[in-house]
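Visitor: Please show me the model, and then let us go through its contacts and its spaces one by one.

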Amino acid sequence: MGIHINEQYNELNESYLFAEIARKVAEYQKANPDKKLLKMGIGDVTRPLARCVTDAMKKASDEMGTAEGFHGYGPEQGYAFLREAIQNYYKKFGVELDADEIFISDGAKSDCGNFPDILSTDCTVLIPDPVYPVYADTNVMAGRKIIYSSANEENHFLPMPDESKVGDIIYICSPNNPTGACYSREQLAAWVAFAKKHNSLILFDAAYECFVTGDLPHSIYEIEGAKDVAVELCSFSKKAGFTGTRCGYTVVPKRIVIDGAVLNKLWIRRQTTKFNGVAYIVERGAEAALTDEGEKEVSENINYYRENAKIMTDTMDELGIYYTGGKNSPYVWLKCPFGMKSWDFFDEMLTKAGIVGTPGAGFGTNGEGFFRLTAFSTRETTIEAMKRLKEYMQSR
Ligand code: PLP
């Protein structure tokens, strides 16, 4: 008896990726203080919040200072005005949601890990390799068995259902972090059919949906039948620059029933117990981002990142480097040239080109030999980085 830690924490892989990058960069800078490094590894946005968002936040802040406009604890599920704004946003993709299927969160990361709270720890979890590490780590913490679907060059980093790998919980991230790969409608329909066949629940992470172009799906609910088997997690972080302001949402369709329990009800029960809602001021800011004016301002920032991504993919095309992403995603996932391993290429980029990217091996076994660059830098940094990459390739 006595107090013990959750021993599952001992099962976690050492999360050394970003710490190791920081260590290597600091060491290099110390030895080469005059070298200007180009940071192309950041997953954080750099463009400021849109004017209409900060105006709405200022107005909400002023309201909070008046007796009539003060807001204390808000609804755990989020204010109706924001849920309605999200409902209208989904209509643009032809998706009809009930307002009470939408839960405002403090970002997609929390609910990626929190949602399985209402599912048994006996469930097996299917996670792509490589992928955003939060899915695996949070399920290791809970003690669930994890199986991996292989994302690789052969399937263009978009693994498809495989009868030999069935998970009760299936994480799908599209557009994907780190590979930037984005599923088509047909591919997502195959996942929905697979989930139905095996009675699985899909947790669909749409954090990068704002980068989707053309006819590719923004939401899994664009696929028929998805409301029976999928929960969707999304965020204002990348869409509207809320990484530091914290706001996202989770959609839990009322049609999903597991063990006779309506999942939406169970999630309300969980949220009302463990969560006290997102700040009124932040929710007003998020609402502003979804107005016509907000969409216009926000899309200027998204287009800025898109153009950065295009500069990168044009360079990869010119250099004949295999990559995924960049077209519907702020991430360009490239194959390290000359058969190099991820960390070797990282060192080469750092010391020979002064570029800091992210070694793919840090995102999973299949990431070995790949490298992630992001479009979230400034235009100047992106252009200079691509110039240096070309020079590096020519010098080899
Ligand atoms: N999901 C994916 C795939 C991400 O890459 C990130 C952040 O980088 C998140 C979720 C977290 O987003 P948020 O800032 O909303 O917590």
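Visitor: What is the relative accessible area of Asp-228?

Guide: This is a predicted model, in which local features need pLDDT of at least 70, side-chain atom pairs count only at pLDDT 80 or more, and totals for chains, interfaces and linings use all residues. Residues are numbered from 1 along each chain as its sequence is written, and side-chain values use heavy atoms, with hydrogens and water left out. Buried means under 20% relative accessible area, exposed over 50%, and partly exposed in between (1.4 Å probe, protein chains only). Asp-228 counts as partly exposed because its relative accessible area is 30%.

Visitor: Which residue meets Asp-228 in a salt bridge?

Guide: A salt bridge here is a side-chain nitrogen of Lys or Arg within 4 Å of a carboxyl oxygen of Asp or Glu. For Asp-228 the N to O distance is 3.1 Å, and the partner is Lys-196. Helices (H or I, at least four residues) and strands (E, at least two) are DSSP runs, numbered from the N terminus. Asp-228 lies in the loop between β6 (201–205) and β7 (230–235) and its partner in helix α6, so the bridge ties together parts 32 residues apart in sequence; that partner is Lys-196.

Visitor: How many residues apart in helix α1 are Arg-23 and Glu-27?

Guide: Arg-23 and Glu-27 form a salt bridge with their closest N and O atoms 3.0 Å apart. Arg-23 is partly exposed at 42% relative accessibility, whereas Glu-27 is exposed at 51%. Both lie in helix α1, about one turn from each other, with a separation of 4 residues.

Visitor: What separates Arg-51 and Asp-55 in helix α2?

Guide: Their side chains meet in a salt bridge at 3.7 Å, N to O. Arg-51 is exposed at 57% relative accessibility, and Asp-55 is partly exposed at 37%. Because the two are 4 residues apart in helix α2 (residues 51–64), the separation is about one helical turn.

Visitor: How many salt bridges does the structure hold?

Guide: Some of the charged residues are linked in a network, namely Glu-384, Lys-387, Arg-388 and Glu-391. For the structure, the number of salt bridges is 25.

Visitor: Is the pair of Phe-81 and Tyr-280 stacked or edge-to-face?

Guide: Rings of Phe, Tyr and Trp (its six-membered ring) pair if their centres lie within 6.5 Å; planes under 30 degrees apart count as stacked, over 60 as edge-to-face and the rest as tilted. By this rule there are 27 aromatic pairs. In the pair of Phe-81 and Tyr-280 the centres are 6.0 Å apart and the planes are at 85°, so the pair is edge-to-face.

Visitor: How many residues apart in sequence are the parts that Phe-81 and Tyr-280 tie together?

Guide: Phe-81 and Tyr-280 are both buried. Phe-81 lies in helix α3 (residues 80–91) and Tyr-280 in helix α9 (residues 280–289), so the parts tied together are apart in sequence by 199 residues.

Visitor: Is the pair of Tyr-135 and Tyr-171 stacked or edge-to-face?

Guide: Tyr-135 and Tyr-171 are both buried. Their ring centres are 4.5 Å apart and the planes are at 15°, so the pair is stacked.

Visitor: Which element gives the most to the lining of the largest pocket?

Guide: On a 1 Å grid over the protein atoms alone, a cavity is a set of points where a 1.4 Å probe fits but cannot get out, and a pocket is an open set with protein on both sides within 12 Å along at least five of seven lines; lining residues have an atom within 4 Å of a point. Grid points are joined across faces, edges and corners, and a volume is the space filled by probe spheres set on the points. The largest pocket holds about 1300 Å³ of space. Among the 47 residues of its lining, the element that gives the most, with 7 residues, is α5.

Visitor: What is the volume of the largest cavity?

Guide: The search of the whole structure finds 3 cavities of 30 Å³ or more. The largest cavity is lined by 15 residues, including Tyr-171, and β5 gives the largest share of that lining, 4 residues. The space in the largest cavity is about 80 Å³.
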